[in-house]
Amino acid sequence: MFASRLAPSLRALPRQASAVRMARRGYAEAADGKLQLSLVLPHQSLYSSAGVIQVNLPAATGDMGILANHVPSVEALRAGVVEVIEENGQAGKKWFVSSGFATVHGNNTLTINAVEAYQLDKFSPENIRSALADANRVLSSSAPESEKAEARIEVEVFEGLQAALNK
Amino acid sequence: MSSTWREFMSWNKYTQVASRALRQALTETDRVAAEKRAAIGVRYQLWENGQGGEQNYVVPPAKETTPGTPPV
């Protein structure tokens with residue numbers, strides 16, 4: 001553990017010292033220092049190794065913001081808003097994601113795999129309200145626990161959606 | 001409370017439930033397109049002696065209702 005923490009800093013010194021080595025860097029270590037984001041759905045690729053400044057994720061363990069050169073991590077996502085800030089000072093682009101995984105690799109790349117992700121203007125508040133009422137009705141009924149667990153998931157999605165739309 | 005789904009289903013099922021819920025919240029036009037994309041059909045075929053058997057759907061798709069002839 002101690003040795004592996006020393007090694008990256010030792011490796012960084014010879015890289016900066018040699019201009020020739022800088023020209024042969026991999027695609028992920030772009031000179032602009034941006035995080036390489038790939039945000040993909042089964043049917044569409046929203047970002048494909050695009051350089052961004054920051055990505056905010058709704059992880060199951062809590063909300064987190066990923067910057068360039070983040071430590072490698074794997075996070076399961078819950079239903080929530082993924083916000084991508086492409087340039088400094090720009091407002092972030094938001095997508096509401098149903099579920100998925102976010103993986104930060106060791107080479108400054110972030111891959112987010114999601115099943116469904118839509119921008120916030122694609123949602124209808126009436127549909128959310130009626131679907132939330134249906135899910136709450138299942139919860140307060142005498143349905144088996146497995147159906148109630150599904151209804152609880154749906155309530156979480158709809159309440160997250162309402163919170164995101166009201167912000 | 002937030003982890004109760006783990007007692008009943010896998011993460012795959014959890015994701016399918018959450019995605020289905022999200023699709024229900026879309027506006028009409030987007031929802032129709034999303035539902036088309038989301039439909040998953042699985043067919044299987046048993047092979048014996050190098051011959052394929054009959055292809056069967058795991059879940060038979062609902063028959064398309066043909067529109068009746070419009071009144072003249």
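A:Trp95 is buried, with a relative accessible area of 8% (buried means under 20%, exposed over 50% and partly exposed in between, with a 1.4 Å probe and protein chains only). A:Tyr47 is buried as well, at 9%. The model is a predicted one, in which local features need pLDDT of at least 70 and side-chain atom pairs count only at pLDDT 80 or more, while totals for chains, interfaces and linings use all residues. Residues are numbered from 1 along each chain as its sequence is written, chains are lettered from A and ligands numbered from 1 in the order in which they are written, and side-chain values use heavy atoms, without hydrogens and water.

Over all chains, the structure holds five aromatic pairs. Rings of Phe, Tyr and Trp (its six-membered ring) pair if their centres lie within 6.5 Å; planes under 30 degrees apart count as stacked, over 60 as edge-to-face and the rest as tilted. The ring centres of A:Tyr47 and A:Trp95 are 5.6 Å apart and the planes stand at 85°, so this pair is edge-to-face. Because A:Tyr47 lies in strand β2 (residues 45-52) of chain A and A:Trp95 in strand β7 (residues 93-97) of chain A, the pair ties together parts 48 residues apart in sequence. Helices (H or I, at least four residues) and strands (E, at least two) are DSSP runs, numbered from the N terminus. In chain B, the rings of B:Trp5 and B:Tyr14 have centres 4.2 Å apart and planes at 10°, so they are stacked; both residues are buried. A:Phe96, A:Tyr118 and A:Phe123 form one aromatic cluster.

Turning to the helices, α3 of chain A (residues 125-140) has 16 residues and reaches 22 Å from its first C-alpha to its last, close to the 22 Å expected at 1.5 Å a residue (1.5 Å times one less than the number of residues). Its buried residues are A:Ile128, A:Ala131, A:Leu132 and A:Ala135. Seen down the helix axis, the buried residues of α3(A) fall within an arc of 105°, so they line one face; the arc is that of the directions from the axis to the C-beta atoms. The face turned away carries the exposed A:Glu126, A:Arg129, A:Arg137 and A:Ser140. Cover for the buried side includes α4 (145-166) of chain A together with α1 (11-24) of chain B.

B:Phe8, in the segment before α1 of chain B, is partly exposed at 35% relative accessible area. Leaving aside neighbours within four places in sequence, B:Phe8 is in contact (heavy atoms within 4.5 Å) with A:Glu145, A:Ser146 and A:Ala149.
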